[in-house]
Structure formats: C-alpha cells, structure tokens
Amino acid sequence: MSTDTVKHEQWSSRMSYMLAATGAAVGLGNIWKFPYIMGENGGGAFVLVYFACILLIGIPVMMSEVLIGKVGRQAPARSARLVSQQSGGSGKWSIVGWFGSLTGFLILSFYVVIAGWALAYTYYGFNGMFTDQTAVQIDSLFRGLNASGAELMAWSGAVVLTTTLVVGLGVKDGLERSVNWMMPALFVLLLVMVGYASQHGDMPAALKFMFNADFSKLSWNGVLVALGHAFFTLSLASGIMTMYGAYLPAGTSLVKTSIYIAVMDTVVAILAGIAIYPIVFANGLEPGAGPGLIFQTLPIAFGSMPGGQIFGGLFFLMLVVAALTSALALIESSVAWLVENRGFKRMQAAVVSGAVIWLLSLTTVFSISGAEWTKITLFGNETTMFGILDFTTSNIMLPVGGLLTALFVGYVVKRSVTEQAIDSSAAIYTFWRVCVRYVAPIAIVLVFLQLSGLVSF
Ligand code: TRP
C-alpha cells in the first residue's frame, strides 16, 4: 500500500470552513426531519433529550471526527489509518473512516431524492400550483409526483448534477464559492419564513407544542430517535466532518468551531419548527403527520394564505439550498478518495461519484414509486428498500459509527496527540475525554440494549 500522500487544498479562511461545515450539518434533517420527529415524539420532552444528546455526545464526537481529519489530512479512511498508526494502533481502525463514508453514501442515496422533492415543490410553489387547492388536490399532487419514477429520477438527477459540478470545481473554486452565498441566503430565507409564520400563523400554539415537555409521550424509541438524529443532523459518522477537518487551516480551534457548528445547527432546527408549526396549527393541520408533514401538509396552508405563492416557493427553495450544501460535503469525501487513491482528476472523480450516487438513488426512487421489487417484509412488517435504508442508516449505522469513533479517539489515539489537536483548557479537554471515553459509548450501548429488549428501565 502506498504511503505517499496527496497534497490537499485548504479552506482559505476559518470562516469558509465554518460556513461549509455548518452547511454540511444544516440540511433536510433540520427543516424536514426535526419538526416531524419532534411532532411524533412528544414535542418539548423530545427536544430536551435531543439537546442533551447534542451536548454530551454530538459535540464531543464531532470534535473527534474533525480531529482525525486535522491530524491525518486525508480522506476519512486513510486519515483514520494514519492517526491510528501514529499512536501505535492497528491500521484496521481505518474502519472508523470507511464505515462512515459508506454510511454517508447510503444516506446521500435517499437524501438526493428528498432534495428532488423539494426542488419539484419549489417549482410547484412559484407556479401557483398550491393556490386554493384542497387537501385532496394537494395530496394528489404529491401522489402524482411519486407515482412517476421518471419524474423523481429527473428531479433528483438535477440535484446530483448540480452537486457534482460544484464539487468538481474544487475546494476553493467550487465548495467555498458556493457556500459563501448559499449559507447567508439560507439564513435570510429562514428568517423571512419565521416572520411570515408569526404574522399569519398561531405562534403561541406552536411554542407550547415545541417547548412544553410532556414526558408521557416520550418512549425509549424516542430516545433512540433523538440520539440517531443528533448524529444525522450534525452529519456525524458520515465521513463528512473528517473530510472537512482535513482542509482545516492550521491554528483553527477545534472546540470553538465544533460548538459553533452544533449551536448553529440547533438554532436552524428550532427556527424551522418556529416557521412551520404556527402555520400547521393556524390551519388545523396534524402536527404528527410524519415525513409528509412538509410536502403534504404545509402546501395546503400556503395555498390559502396571503402571499402563499411566493412564500411557498421560497420555503421549498430554502430546503433545496439546505440540502445542496449537505450533499456537497458527502460527494467531496468520495472525490477526495478517488483523487488520492486512484489518481483521478477532480472533475472526473466528481462525475463518477455523482453517477454512482444517482444509480444508488434509484432504489429509493422505485421504493417511492411503488415498484414491486423494492417491497420487503421484515419481522412481519411491510416496508420498502427506502424504509430499510432510512432506518438502518439513521438508527443503526450512525450510532455504531459514532461509537467506533468515540472508542477509537478515546482509547486508541494517544493522549498527547489528542491534547495537542484539541489545544484547549484542561477543563474542556477533560470534559471532552470523559464524554468520548464513557458518556457517549455507555449511552449508545444502553439505548441499543433497551431497544433490543435485553434490559429494561
Ligand atoms: N446533516 C444532514 C442534514 O441534517 C444530513 C446528513 C447526515 C447527510 N449525513 C449525511 C447528508 C451524509 C448527506 C450525506 O440534513
């Protein structure tokens, strides 16, 4: 195996890194998923558990992943191997990197399809296709889109193509330039939507729902969902943070940037809830509507609200932007790997990665359009390949990947290496170390045991 390393580009500033990494974290998870899983799992109580997961597990694991990249300076698997060997550990720890990249790839394969929905809805919204539609008509719009494999393929293909071209242009010319305007645009759009919801929605009902902790509605499964979502929303255990960490300019604080990213990500998720729920309540819609909340429920409201054509379009545009900045991050790690290991040129590598993602996305496309070959019965439940992908990645692969990362950085990597990379006060270092050595592994294992029925609390 060759040990020579490819020299990488670096972010031109700390700001660029933070925008790109925040963009990687903020995505459909914040705007599409967080509001509906919160709705399904008891609102405020779920939010509290989720905050605890972010603080005690999410931030420490994010620091660990960025650390691997910052020390190794390669695509995730190679970085993890180098860091391990440097500490006298086994090269097999490269699993921390490649398992993450594999998870990220699988996530991206359905992520681009949801992003494709958002793109289609941006078009529908601006074209006035929600205006004065009844719930039944909105529902048939959604069904119509989903019944057609070809349409889904085209919308998600457009998402993949955009991502591929941007990443192909390089770290500075592609990624940086695009996030430099996409992230501010995303924030402006979000604030506009919050303003719109406070004008035309039922804000008190929304705030009560989101922040009133009703623990009777929270199950152990809800705790697992919160844990899995902490990983999902921060783009952990997907190879992404390690990849972006590899381009970190020297002297950038791991602690400060990770906290900043996690805080921004959480703020966006909460604001998304504050933009969506007032509209849901004011229009008598169902808050626990699940994955269809945004696509099946919200357009009904936009269709009857003042300025709904513009704001409906803008809402879905915001979703597209959020999804693109996350998709970029993932394609970057496979591009970097192909360039480092297979001698590809960047654009070639981007096109190959994009094509693979698009082909993989077809399993989700055909699951949604109802093709027979995607239907599977598991433990007596009927599901689809998309259902299995979503469940396995979010609820199994992400926590397992996080567990491996915590164990690797907490026990295998030498203390001197982590101390130097984290470069912070003794108290913060100790807090981090306790979290990765004890809190995160124990919490992850307990939640798994509880769910598998081996222990019960
Ligand atoms: N963090 C992203 C979001 O909240 C989701 C995500 C996690 C992701 N891992 C990923 C997206 C890998 C693409 C690829 O939306």
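By class, the largest cavity is lined by 12 nonpolar, seven polar and no charged residues. Here Ala, Val, Leu, Ile, Met, Phe, Trp, Tyr, Cys and Pro count as nonpolar, Asp, Glu, Lys and Arg as charged, and the others, Gly among them, as polar. A cavity is a set of points, on a 1 Å grid over the protein atoms alone, where a 1.4 Å probe fits but cannot get out, and lining residues have an atom within 4 Å of a point.

Some housekeeping. This is a predicted model, where local features need pLDDT of at least 70, side-chain atom pairs count only at pLDDT 80 or more, and totals for chains, interfaces and linings use all residues. Residues are numbered from 1 along each chain as its sequence is written, and side-chain values use heavy atoms, with hydrogens and water left out.

Back to the largest cavity. About 170 Å³ of space lies in the largest cavity, a volume being the space filled by probe spheres set on the points, which are joined across faces, edges and corners. Among the 19 lining residues, Ile107, Tyr111, Ser235, Ile240 and Ser326 are the closest to its centre. Helix 5 gives the most to this lining, four residues; helices are DSSP runs of H or I, at least four residues, numbered from the N terminus.

What sits in the largest cavity? The ligand does, by the rule that more than half of its atoms lie within 2 Å of the grid points.

Now the polar contacts, pairs of N or O atoms within 3.5 Å. A ligand oxygen is 2.5 Å from an N or O atom in the side chain of Tyr111. A ligand nitrogen is 3.2 Å from a polar backbone atom of Thr233, and a polar side-chain atom of Ser238 lies 3.0 Å from a ligand nitrogen. The protein covers 100% of the 360 Å² of accessible area that the ligand has on its own, by the Shrake-Rupley method with a 1.4 Å probe.

Conventions: Polar contact = N/O pair within 3.5 Å; in protein donor to acceptor, adjacent residues only side chain to side chain. 1 Å grid on protein atoms, 1.4 Å probe; cavity = no way out; pocket = protein on both sides within 12 Å on 5 of 7 lines; lining within 4 Å. Helix = DSSP H or I, 4+ residues; strand = E, 2+ residues; numbered from the N terminus.
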